[in-house]
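Student: I'd like to learn how to read a structure like this one. Can we go through it together?

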Amino acid sequence: MKHHLLLSLSILAVTGSQVLAQEKDIQPETLAVEAQISEGNHIYLMDMGISGSSSIFVLNADDLSLEGNMGAGTFSQMLMSADGQSIYTGSVYMKRYTRGPIEAVIEEYDPQTLNLRREFTVSDKMAQTLSQKGALNLSADGKYMLVQNATPATSINVVDLAAGKDLVEVPTPGCWTAYPATEGLAFTTICGDGSLVKYTVGADGTVSEPAKSDKIFDADTAPIFATALRIDGKLVYISFDGKLLEVDDSGDKPVLGRTMPFATDGWAPSGYTLMAYHAASKTLFVMMHSNAADGTHKNPAEEIWAINMTSGAVVGRSAAHGETNITVSAGDTPQLIGVDHLGGLHRYDVTLGDTVSLTESAAKEGAAFFPTMIATDY
Amino acid sequence: MTRFIDRFLKRLDGATEANIRSSARRNGRRSFLARTGMALLGAAVSVPVLPFDRRAFASTEGGAADPCSYWRHCAIDGFLCEDSGGSLTSCPPGSSVSAVSWVGTCSNPDDGKEYLISYNDCCGKPFIPSATFCNNNKGERPGYRMGLYNDINWCTANTDKGYHCTVSVVVGMAD
């Protein structure tokens, strides 16, 4: 029926175009599909679906205009590969949208054409959780994917990308996230007893005994956020009360190195993807709120602080616009991109130096409904 | 409190997958509780997902007109079932109660006592966009304390896994 309708419409369109062309001597327009997004810089914004599809909006970084999108299932994760040549999603498709059997699907998109390159199913234990950095990652060599499972019992699904199928499920009870090691097939997860645990996986699917760190945080009194960043070879976590915890995960087990307290006067970190790192200037950006108390750790940002990761010192505090997720572009003249709790997008120009400041240079309301993660291709 | 948790865990055992059950058996329920960080409440579930947002009440946050400020919503994260065809303690018609849930500890201003609140998701239908969305996080923790985590779809252990709305049910005293 659909084909018949299309055929009919096509015939009508052709006939109509010919008539118009003859009568008015005009060139009929050609229907086409845009081949790809524009040249230049872009922002990729995840709008997570909780009752239907998720969407990654692609916006021109210069004027914040929309250039297209990519689709995924419900509760989608988003991951841009290190070379920027692929966008991966991990999400759940419910056969009847809100009920019935489910499929957990990994999809790979071309970030320029926005075409789907491939897809494959993985274990349907995939966590249906808010998009976050620790829930979907690639191994150091890019050959394996680490997928957070939650039924709600937690495990990590190690997926062979080339084969497009699960390699092994690593049970990680009481632990959350999987951040890949910089070498080999290994990952570190955060556990509720205050430790970090490292697992190493063989290409044949064998899994090492868990290598547990000493206790590095207290989940009751000074919990850490699940979001961590890789900075100068170390994993950097951040606590609710405003400390950076630098962890060396290169050895047999994770080892806590520097602890850098930076919050003062009742200010504390907050948000979801609440940190972003600019490697060239060694500057870490953190979303902050005032009058911190129990339950304020997801508050929208009132300020964004800049921390020099060599000294651990706060080198800038700039006004924010209620952001809940941020990222920062690379290069010598970075831009910080944030999305606020009402879905508005904000672009800041970053002034680097002994002090670091942010100046909002563009904004767009209503960029997303349930915004979560952001990535850039510049 | 202990009986309460055991009762909920019994329901959890019946509702979730084999590996959860085997993990609980292998490690003992106390150990399982400790590792998951707290009580994974069986029975009905809840825990919506969603970013910070109190759209309709952003300008009156904390005021009497803000339904999100009701004391037992101190750690809720989701659309209110009372705006979705249900009530504070009931799921809307035709939906199902989540098989697992998470808990918060909220203070009742009327008697000054701390209560355990089970935030159960109702499942199997689309959310209602016009319903009030609340995002409160008292005592909330990331997924390494799963029983306190509110950024996950707690309908995940149900046959029908679609997130619909969330209720706030008093299930015991915190002490």
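Tutor: Let's begin with pairing: two strands pair if DSSP finds at least two bridges between them. Helices (H or I, at least four residues) and strands (E, at least two) are DSSP runs, numbered from the N terminus. A bit of housekeeping: this is a predicted model, where local features need pLDDT of at least 70 and side-chain atom pairs count only at pLDDT 80 or more, while totals for chains, interfaces and linings use all residues. Residues are numbered from 1 along each chain as its sequence is written, and chains are lettered from A and ligands numbered from 1 in the order in which they are written.

Student: In what sense do β21(A) and β22(A) pair, and over how many bridges?

Tutor: Antiparallel, over 4 bridges.

Student: What about the backbone angles?

Tutor: Most residues other than glycine have a negative phi, and most peptide bonds are trans. Now for some cases that go the other way. Lys282(A), in the hairpin of β21(A) and β22(A) with its 4 residues between the strands, has a positive phi near 55 degrees. Asp265(A) has a phi near 55 degrees and sits in the loop between β19 and β20 of chain A. Asn291(A) has a phi near 50 degrees, in the loop between β22 and β23 of chain A.

Student: Why does Asp265(A) count as exposed?

Tutor: Because it has 7 C-beta neighbours inside 10 Å. Asn291(A) counts as exposed too, because it has 11.

Student: Where is there a cis peptide bond?

Tutor: Between Thr151(A) and Pro152(A), with omega about 20 degrees. Pro152(A) lies in the loop between β9 and β10 of chain A.

Student: How many residues of chain B are in contact with chain A?

Tutor: Contact means that the C-beta atoms of two residues, placed from the backbone, lie within 7 Å. Here 41 residues of chain B are in contact with 41 residues of chain A. On chain B's side, the largest share, 3 residues, comes from α2(B).

Note on methods. A residue is buried if 20 or more other C-beta atoms lie within 10 Å of its own, exposed if 12 or fewer, and partly exposed in between; C-beta atoms are placed from the backbone.
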